[in-house]
Amino acid sequence: MAHNGDHAGGMGGPVRALVFTAPGQVELLDVPEPDPAPGEVLVEVRAAGICGSELHGARRPGFRQPPLIMGHEFAGIGAGGEAVVINPILSCGRCAECRRGMRHVCREREIVGVHRAGGFARDAEVRRRR
Ligand SMILES: [Zn+2]
Ligand SMILES: [Zn+2]
């Protein structure tokens, strides 16, 4: 598999991930290794926390859309071999809240591990800081 972005050291094969597959159900599955888009990098996950919101989100319908690799609190090794910690909040940088410096309440925000694949996997693709 070809990769567009930088690569932290994955092997190109499937990645074992903890996937939320239905309300009340998570499964360890082999998923394709992430293929980072331009502006994204692959992070080799070394540690991930389990947030209280994930227990809530995995047990009850309506908080997460399955199938989803959860995990929004994680750290690992970046493309250059450096230690990195992820800020899971992806903000637009253009809305009123962002322009006031309140990117955490961005109107367009997406959260890694909630709206897109997160860190409960060997590798995760994350956006570079803009
Ligand atoms: Zn959390
Ligand atoms: Zn915004």
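**Exercise 1. Work out whether Arg128 is buried, partly exposed or exposed, and find what lies around it.**

Step 1: Count neighbours. Arg128 has 13 other C-beta atoms within 10 Å, which means that the residue is partly exposed. (A residue is buried with 20 or more other C-beta atoms within 10 Å of its own, exposed with 12 or fewer, and partly exposed in between; C-beta atoms are placed from the backbone.)

A quick note on the model: it is predicted, so local features need pLDDT of at least 70 and side-chain atom pairs count only at pLDDT 80 or more, while totals for chains, interfaces and linings use all residues. Residues are numbered from 1 along each chain as its sequence is written, and chains are lettered from A and ligands numbered from 1 in the order in which they are written.

Step 2: Arg128 sits in the segment after S9. (Strands are DSSP runs of E with at least two residues, helices are runs of H or I with at least four, and both are numbered from the N terminus.)

Step 3: Look for partners. Not counting residues up to four places away in sequence, Arg128 touches Gly39, Glu40 and Val41. (Contact puts the two C-beta atoms, placed from the backbone, within 7 Å.) Gly39 is 89 residues from Arg128 along the chain, yet their C-alpha atoms are separated by 5.8 Å.

**Exercise 2. Sort the residues of helix H1 into a buried side and an exposed face.**

Step 1: Find the buried residues. In H1 (residues 52–59) they are Glu54, Gly57 and Ala58.

Step 2: Check their directions. They cover an arc of only 95° around the axis, so they lie on the same side of H1. (The arc is that of the directions from the helix axis to the C-beta atoms.) An α-helix has 3.6 residues a turn, so residues three or four places apart point the same way.

Step 3: Turn to the other face. Directed away from the buried side are the exposed residues Gly52, Leu55, His56 and Arg59.

Step 4: Find the cover. Strands S1 (15–22) and S2 (25–31) are among what covers the buried residues of H1.

**Exercise 3. Give the strand order of the open sheet of four strands, and name its edges.**

Step 1: Read the order. It is S6-S5-S3-S9, with antiparallel pairing. (Strands pair if DSSP finds at least two bridges between them.)

Step 2: Find the edges. S6 (83–85) and S9 (123–127) each pair on one side only.

Step 3: Zoom in on one pair. Four bridges join S3 (residues 40–48) to S5 (residues 74–77), and Glu44 has Ile77 as its bridge partner in S5.
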